[in-house]
Amino acid sequence: EMSGGRSTALVENSPNLYPIHPTAFLALATAVKRFGQSQRSLFSFLLASEANGLQQFVRSSELHAENWYRLPRLYDYLAALDGVIFRQGDRARKWDLLRETLAHGPELDVLESDVVKTVGLLNVLDPVPYLLTDNRTLSRALTDKDESKEVSEALGSLMKKGVLYFRRAQGDYCLWRHSSV
């Protein structure tokens, strides 16, 4: 959850990160650490004109306060890279499951797809400092609100479809039923 001194500082400084949403920034910093040495660097993400990358977003998007480079687009960027390699095998299995769910799972609307990309990416990268996959964090990551009726409804729909699971002990959502994936 985004609370406490450092995360408060991040939120207060988020205009300085624009157009990268603070949640995408935290996930990107974590992703750079999780990839093997053969992966593209943070500089490649920032400067290269790759599909779903930052430069493409800046060139193709209207820049205004509500239009951020968010976690679902970061997922799309990472998914478009050839052979994302994680240093740990369990992350690779989780990444494959996430991609498989999006490609061959039940039909999802745009918000449901964004929720799955956000939950799945955070699950794969877990732990991401200050970010849980709870309703509040997901609402903030996707809508900039502490509570979003639309995100709550999408979470409920995804649970009914068997795409997401609620982990009561942690109070968050996960793409897989067991932690041993």
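Trainee: What does the secondary structure of the protein chain come to?

Mentor: This is a predicted model, and its chain has ten helices and two strands. In sequence order the pattern is α-α-α-α-α-α-α-α-α-α-β-β.

Trainee: And how many of the residues count as buried?

Mentor: Of the 181 residues, 43% are buried. As for contacts, take those between residues at least 6 apart in sequence: 65% of them join residues at least 24 apart.

Trainee: OK, the core. Which residues have the most contacts inside the largest nonpolar core?

Mentor: Leu 74 and Trp 95. That core has 44 residues. The elements that give two or more residues to this core include helix H3 (22-34), helix H6 (71-80), helix H7 (89-104) and strand E2 (172-174). H8 gives the most, with seven residues.

Trainee: What does Leu 74 touch?

Mentor: Leaving out residues up to four places away in sequence, Leu 74 touches Ala 24, Ala 27, Leu 28, Phe 45, Tyr 69 and Leu 121.

Trainee: Is H6 mostly covered or mostly open?

Mentor: Mostly covered, with seven of its ten residues buried. The buried ones are Leu 71, Pro 72, Leu 74, Tyr 75, Tyr 77, Leu 78 and Ala 79.

Trainee: Next topic, rings. How many aromatic pairs does the count come to?

Mentor: Six aromatic pairs. One of them is Phe 45 with Tyr 69, with ring centres 5.4 Å apart and planes at 75 degrees, so this pair is edge-to-face.

Trainee: Where do Phe 45 and Tyr 69 lie?

Mentor: Phe 45 lies in helix H4 (residues 42-47) and Tyr 69 in the loop between H5 and H6, so the pair ties together parts 24 residues apart in sequence. Both Phe 45 and Tyr 69 are buried.

Trainee: Why is the pair of Tyr 75 and Trp 95 tilted?

Mentor: Because the planes of Tyr 75 and Trp 95 are at 50 degrees, with the ring centres 5.3 Å apart. Tyr 75 is in helix H6 and Trp 95 in helix H7, so to speak two distant parts of the chain, 20 residues apart. Tyr 75 and Trp 95 are both buried.

Trainee: Which rings are linked into a cluster?

Mentor: Phe 45, Phe 57, Tyr 69 and Tyr 77, through ring pairs.

Trainee: Now charges. What is the nearest side chain of opposite charge to Asp 134?

Mentor: Arg 136, which is 6.7 Å away. Asp 134 is buried and has no salt bridge. The side chain of Asp 134 does have a polar contact of 2.6 Å with the side chain of Thr 137.

Trainee: What else does Asp 144 touch?

Mentor: Apart from Arg 70, there are His 21, Trp 68 and Ser 139, again without residues up to four places away in sequence. His 21 and Asp 144 are 123 residues apart in sequence, and their C-alpha atoms are 9.4 Å apart.

Trainee: Is Ser 139 buried or exposed?

Mentor: Buried, with a relative accessible area of 0%. Ser 139 lies in helix H9, and among the residues it touches are Asp 144, Lys 145 and Val 151.

Trainee: What about phi of Asn 52?

Mentor: Asn 52 has a positive phi of about 65 degrees and is not a glycine. Asn 52 is found in the loop between H4 and H5 and is partly exposed, at 21% relative accessible area. Asp 144 also has a positive phi, near 65 degrees. Most residues other than glycine have a negative phi, and most peptide bonds are trans.

Notes. Residues numbered from 1 in each chain as written. Predicted model: local features only at pLDDT ≥ 70, side-chain atom pairs only at ≥ 80, totals over all residues. Heavy atoms only, no water. Buried < 20%, exposed > 50% of the residue type's maximum accessible area, 1.4 Å probe, protein only. Lys, Arg positive; Asp, Glu negative; His and termini not counted. Salt bridge = Lys/Arg side-chain N within 4 Å of Asp/Glu carboxyl O. Polar contact = N/O pair within 3.5 Å; in protein donor to acceptor, adjacent residues only side chain to side chain. Core = buried A, V, L, I, M, F, W, Y, C linked by side-chain atoms within 4.5 Å. Helix = DSSP H or I, 4+ residues; strand = E, 2+ residues; numbered from the N terminus. Contact = heavy atoms within 4.5 Å. Phe/Tyr/Trp six-rings, centres within 6.5 Å; stacked < 30°, edge-to-face > 60°.
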